[in-house]
Amino acid sequence: MSWEANVRKVVPYTPGEQPGGKHIVKLNTNECPYPPAPAVEKMLKEESYEDLRLYPAPDAGNLVEALASYHGVKKEQVFAGVGSDDVISMAFLTFFNSSKPVFFPDVTYSFYPVWADVYKIPYETKMLDKDFRLVKEDYVTENGGIIIPNPNAPTGLLEPLENIEYIVKNNPESIVIIDEAYVDFAGEGASALPLISRYDNLLVIRTFSKSRALAGLRIGYAVGNERLIKFLNDVKYSINSYTLGRPSLLLGEASIKDDDYFKQTRDKIISTRERLKKDLSALGFTFGDSKSNFIFATHEKYRAKEIFEHLKIEGIYVRYFNSPRIDDHLRITVGTDEEADILVKALDKYMKEAGV
Ligand code: PMP
């Protein structure tokens, strides 16, 4: 017998490409096109090189406190991790420990089934309707937990808070996780955070990778009631006590405290998104009303895969998923206005040349 029988074999998640080169228009991984807050740059210069010999605070104390005060909750209600991927993975391991299946939409963040597989958690996907909308009633049969991104990825669609509340309220025996990676682009009243004080089964997960322009640092966090956060910490301390490094803790705190800059960049992205919607419509693309920092578009006449490949040759990277129901779509990250100009020009040229 070979050792191979004992190996945990998984089909891994495929992250978006991170191409090198200066002249690339990178609209494929929903990063922020603007730099992080000036307060982050200042802190980066002050960051002590000598202190790097020391371990970071295992409880991510300063960052957790800054987040607690930002959201108006207790520090015991916040859990920080290495990107929201790390936080979601910990949450799967902690809260989805039942023989009943975990529910999530069929068209959603493609990492969810991967975590379920690696941790051997049974799961069942629930079909979105033909407009990629959640069917909330599908989530009220017996389950071992629920995870829903809101806005959803890769569709960019926001589910009204009352539908989220319906699912949380009707599942008192399971943990419902709302993955709010893109909620900062969704306007007032979109977040499920205000529900946390009313429902003890709700965990909200956020990231610094999109609206805070800190994908390179890897910071994510969860907010929930004290019990949920304690359970998460118990699992984290059973795997790796020191997750976030010292620079992440310091720079993450600086980002949270620079709220003016945060709001400015978020608003710029929202305004480019609305302008890009008009430009893409004019080119004949159709899409749902994105409330995130990307647009999930399809075209009746041109194949998404071909557009994707053509744009890549032009140095413009967007995301294409060769998956059921969405293989005729492109997910286009909202960049700067200049990047939108370059994209629209390239699409227009492609269509004229293809001449369908
Ligand atoms: N959730 C969703 C829905 C996402 O699209 C992403 C980005 N790939 C993440 C979580 C993870 O983001 P990060 O680990 O950078 O915080």
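View 1. Ala186 counts as buried, with 12% relative accessibility; here buried stands for under 20% relative accessible area, exposed for over 50%, and partly exposed for what lies in between (1.4 Å probe, protein chains only). You are looking at a predicted model, in which local features need pLDDT of at least 70, side-chain atom pairs count only at pLDDT 80 or more, and totals for chains, interfaces and linings use all residues. Residues are numbered from 1 along each chain as its sequence is written, and side-chain values use heavy atoms, with hydrogens and water left out. To find Ala186, go to the loop between strand 6 and strand 7; helices (H or I, at least four residues) and strands (E, at least two) are DSSP runs, numbered from the N terminus. Setting aside neighbours within four places in sequence, Ala186 is in contact with Pro151, Leu158 and Lys291, where contact means heavy atoms within 4.5 Å. Ile270 is 84 residues away along the chain, yet its C-alpha atom is separated from that of Ala186 by 8.7 Å.

**View 2. Two cis peptide bonds in one loop.** Pro151, a contact of Ala186, is found in the loop between strand 5 (146–149) and helix 5 (161–169). The peptide bond that leads from Asn150 into Pro151 is cis, with omega near -5 degrees. Pro154 also lies in the loop between strand 5 and helix 5, and the bond from Ala153 to Pro154 is cis as well, with omega near 5 degrees.

View 3. The chain is divided into domain 1 (19–35 + 260–354) and domain 2 (38–257), with bounds that come from an automatic or database domain assignment. Taken over C-alpha atoms, the two domain centres are 26 Å apart. Domain 1 brings 26 residues to the contact and domain 2 brings 27. About 2000 Å² is buried between them, and carbon and sulfur atoms give 66% of it; buried area is the accessible area (1.4 Å probe) that two parts lose on being put together, summed over both. On the domain 1 side, look for Phe262, Lys291 and Arg325, which lose the most area to domain 2 and together make up 36% of what that side buries.

View 4. The interface holds 1 salt bridge, a term for a side-chain nitrogen of Lys or Arg within 4 Å of a carboxyl oxygen of Asp or Glu. Asp106 and Arg325 form a salt bridge whose closest N and O atoms are 2.7 Å apart.

View 5. Arg206 pairs with Glu180 in a salt bridge, the closest N and O atoms being 3.0 Å apart. The partners come from distant parts of the chain, 26 residues apart: Arg206 belongs to strand 7 (residues 202–207), Glu180 to the loop between strand 6 (176–179) and strand 7. Arg206 is buried, at 8% relative accessible area, and Glu180 is buried too, at 1%.

**View 6. Partly exposed salt bridges.** Arg275 and Asp337 meet through their side chains at 3.4 Å, N to O. This pair also links distant parts of the chain, joining helix 8 to helix 10 across 62 residues. Arg275 is partly exposed at 24% relative accessible area, as is Asp337 at 30%. Elsewhere, Glu76 forms a salt bridge with Lys75, with 3.3 Å between the closest N and O atoms; Glu76 is partly exposed at 36%, and Lys75 is partly exposed at 41%.

**View 7. The packing of helix 9.** Which residues of helix 9 (residues 304–313) are buried? They are Ala304, Ile307, Phe308, His310 and Leu311. These residues pack against strand 9 (285–287), strand 11 (316–317), strand 12 (319–320), strand 13 (329–333) and helix 10 (337–354). Following the helix comes Gly315, with a positive phi near 80 degrees.

View 8. Phe132 has a phi near 65 degrees, a positive value in a residue other than glycine. This residue sits in the loop between strand 4 (123–126) and strand 5 and is buried, at 12% relative accessible area. Arg218 has a positive phi near 65 degrees too and is located in the loop between strand 7 and strand 8 (220–223). Arg218 is partly exposed, at 28% relative accessibility.
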